[in-house]
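User: I'd like to learn how to read a fold like this one. Could you take me through it step by step?

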Amino acid sequence: MASLNLNQIISNSNTSFAVNRRPGLRLPSRIGLRVLASDSASAEPDLSITVNGLQMPNPFVIGSGPPGTNYTVMKRAFDEGWGAVVAKTVSLDAAKVINVTPRYARLRAGANGSAKGQIIGWENIELISDRPLETMLKEFKQLKALYPDKILIASIMEEYNKAAWEELIDRVEETGIDAIEVNFSCPHGMPERKMGAAVGQDCRLLEEVCGWINAKATVPVWAKMTPNITDITEPARVALRSGSEGVSAINTIMSVMGIDLKTLRPEPCVEGYSTPGGYSCKAVHPIALGKVMSIAKMMKSEFNDKDYSLSGIGGVETGGDAAEFILLGANTVQVCTGVMMHGYGLVKRLCEELKDFMKMHNFSSIEDFRGISKDATRSNPTKESSQERTAV
Ligand SMILES: Cc1cc2nc3c(=O)[nH]c(=O)nc-3n(C[C@H](O)[C@H](O)[C@H](O)COP(=O)(O)O)c2cc1C
């Protein structure tokens, strides 16, 4: 028993059992120990969470993108201790996807973007995975065989075609993945084929496609939202009403990193051409917090937010950044560009910093503080509300 850690403790509806990897052997409950441990002044805060029935040792999730692009890097993420991994987005036919180089441009703090300045903004014009679907599926299967208890989430995107979405869902689910995140949000991800943000920005289309997906999927579905829309609560509401278990926000923000003043071409530039791309990293964090706060408030007022989940994404590089998302109501926190810059070991620092924050406030679990800051805000003043305030 001594070798079990507290994060391996689960409770079912009536009785609690430690997670047991040997079928047939029932281990006694350690929930009592957890309660005692969290009551003690010297106890470590418990970062473990259960979200849509998925148990994670901590709320830190690899966000879809280069850090979840193949077996080797996803295995590395699990080995380093990430709570879950969202793989790079896949679709049925990778042959349609051509990823160009260079596809990234960086914004640095400091005078004239000095090469020594800290990277604060990151633009990419990367599309979804260009690796054959069969290869990605084989690797999902291998990962689940090696790590049956770790949470692997497939990110999917398809054209406006019910049969194609259904086939893709069938094929990813056959690998044993634990959940699906649907990419309704890539700003440059083939909108001409009604893919990515082209769906997330059109609530009628979203409702129809989300309906197909939720009728088919047998694992929890998270709908990933685009910030490139006037009111992000509208698509989030549609996604939840259409049966999704969760919402993830945000994907990248439509951007042009800059213009090369010698060549007069926008960056990043490939053979003389460019296209607007998606902005991420520290610079988007305040915008992401604003979007997550709006969604969290909507979820609380219109849905029983205990039954649904919210994944905060955007510019996370510290445990404090993650705490902010959780304080606004997020259950999990995803990191993409932060991992590209600091490596997979970042999760250890994130966990330590989040624990330090929790100790400072005597929070013993994530639920102790989830959502408590969103209630300290009011809506922006509208005509009506400012009249109300004047009257008061
Ligand atoms: C290079 C790059 C590629 C990305 N590819 C995907 C993708 O395939 N699917 C997806 O849903 N999001 C993708 N994203 C968006 C991230 O998952 C995330 O939503 C966004 O970058 C904001 O978080 P961050 O600041 O932690 O990177 C990508 C981001 C970057 C930087």
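User: In which sense do strand β5 and strand β18 pair, and over how many bridges?

Analyst: Keep in mind that this is a predicted model. As a general idea, strands of a sheet pair through backbone hydrogen bonds, either parallel or antiparallel. Here β5 (residues 60-62) and β18 (residues 332-335) pair in the parallel sense, over 3 bridges.

User: Which strands close into the barrel, and in what order?

Analyst: Follow the pairing from strand to strand until you are back where you began. There are 8 strands, in the order β5-β6-β9-β10-β11-β12-β17-β18, with parallel pairing. Ignoring direction, neighbouring strands of this sheet are turned by 25 degrees against each other on average.

User: Which strands does helix α8 lie across?

Analyst: Helix α8 (residues 285-302) lies across β12 (246-249) and β17 (309-313), and runs at about 170 degrees to β17.

User: And which residues have the most contacts inside the largest nonpolar core?

Analyst: That core has 95 residues, and the ones with the most contacts inside it are Val85, Ile153, Ile180, Val247 and Val292. Take valine 247: beyond its neighbours within four places in sequence, its contacts include Trp222, Met225, Leu240, Ile295 and Leu310.

User: How many residues surround the ligand, and which are closest?

Analyst: There are 27, the closest being Gly63, Gly65, Ser280, Cys336 and Thr337. The elements giving two or more residues to this shell are β8 (119-124) and α10 (337-342). By class, the shell has 14 polar, 10 nonpolar and 3 charged residues.

Conventions: Residues are numbered from 1 along each chain as its sequence is written. This is a predicted model: local features need pLDDT of at least 70, side-chain atom pairs count only at pLDDT 80 or more; totals for chains, interfaces and linings use all residues. Two strands pair if DSSP finds at least two bridges between them. Helices (H or I, at least four residues) and strands (E, at least two) are DSSP runs, numbered from the N terminus. Axes are lines fitted to C-alpha atoms, for helices over the stretch in contact, and angles run from 0 to 180 degrees between N-to-C directions. Two residues are in contact if their C-beta atoms, placed from the backbone, lie within 7 Å. A residue is near a molecule or strand if its C-beta atom, placed from the backbone, lies within 6 Å of it. Ala, Val, Leu, Ile, Met, Phe, Trp, Tyr, Cys and Pro count as nonpolar, Asp, Glu, Lys and Arg as charged, and the others, Gly among them, as polar. A nonpolar core is a set of buried Ala, Val, Leu, Ile, Met, Phe, Trp, Tyr and Cys residues joined through C-beta atoms within 7 Å. A residue is buried if 20 or more other C-beta atoms lie within 10 Å of its own, exposed if 12 or fewer, and partly exposed in between; C-beta atoms are placed from the backbone.
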